[in-house]
Amino acid sequence: MMLAPSSLNLQHALGHFAAECEAAGMRVSTSKSEATVLDRKKVACTLQVGGEVLPQVEEFKYLGVLFTSEGRMDREIDRQIGAAAAVMRSMYWSVVVKKELSQKAKLSIYQSIYVPTLTYGHELWVMTESVRSRIQAAKMSFLHRVPGRSLRDRVRSSVTREELGVEPLLLHIERGQLRWLGHLFRMPPGLLPGEVFRACPNGTRPQGRPRTRWRDYISWLAWERLGVPPEGLEEVSGEREVHFNYERQNEKKNPENHIV
């Protein structure tokens, strides 16, 4: 993956990369390479490799995560919720509602298969109230069926979760996001994730309410859960015990308590 502030810079970097590949006896596959522009408006970006023009797309997958030209993660979250639903459908009768299977075995499958599918790439998510509710609903659609319940039983999600002894999924997501924040701060200069995290794009934003950036969200999360102000994030990022403090502080302050 290559990233540059302009099409001219990207073409220069791509040409240099293609030349290095040819010197090593390799070549850039134009049939598997695509270009996209991260912008709210459609902007043309013509890139060439060996005289062939790379197709420009509005979305692409990288390491299993869907990125769009608008920079939103809504479609990616929808994909993961849909993938988790497909997993549950595939083993609904053989695992989820099978009476001969113990709850311990069902929860083991929930932790090892369902949760990783549902939360894949969650480090990049901005957890708005809407996203929290959707993730909570997807999680409870599995857990309610482990003890043989349905929505008609009108049992609160918190009751089912406490009976099964399952860790709150939102706590798992927030802990992973704070862990990724620590990785970003500790990255040496020159690595792409760290450079993107520290970048400050130029230009003016359109009218209306600004989007919640991931950096703004993670700053709020660190302040809300850990009491760390935004200006102190980089200082405490090297303290790995901060994650244990996070777990201890949230034993009473459960991020899922406000969702039924």
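Trainee: At what angle do helix H5 and helix H6 pack, and how far apart are their axes?
Mentor: Helix H5 (residues 129–143) packs against helix H6 (residues 157–164) at an angle of about 55°, and their axes are 11 Å apart. That makes H5 oblique to H6, since angles under 35 degrees count as roughly parallel, over 145 as roughly antiparallel, 65 to 115 as roughly perpendicular and the rest as oblique. Axes are lines fitted to C-alpha atoms, for helices over the stretch in contact, and angles run from 0 to 180 degrees between N-to-C directions. Helices are DSSP runs (H or I, at least four residues), numbered from the N terminus.

Trainee: What kind of model is this, and how are residues numbered?
Mentor: This is a predicted model, in which local features need pLDDT of at least 70, side-chain atom pairs count only at pLDDT 80 or more, and totals for chains, interfaces and linings use all residues. Residues are numbered from 1 along each chain as its sequence is written, and side-chain values use heavy atoms, with hydrogens and water left out.

Trainee: Which residues meet where H5 and H6 pack?
Mentor: From H5, Gln 136, Lys 139, Met 140 and Leu 143 meet Ser 157, Thr 160, Arg 161 and Leu 164 of H6. The residues of this contact (heavy atoms within 4.5 Å) comprise three nonpolar, three polar and two charged.

Trainee: Now Phe 142: what does Phe 142 touch beyond its sequence neighbours?
Mentor: Leaving aside neighbours within four places in sequence, Phe 142 is in contact with Met 88, Met 91, Val 96, Lys 106, Tyr 110 and Tyr 114.

Definitions and conventions:
Helices (H or I, at least four residues) and strands (E, at least two) are DSSP runs, numbered from the N terminus. Ala, Val, Leu, Ile, Met, Phe, Trp, Tyr, Cys and Pro count as nonpolar, Asp, Glu, Lys and Arg as charged, and the others, Gly among them, as polar.
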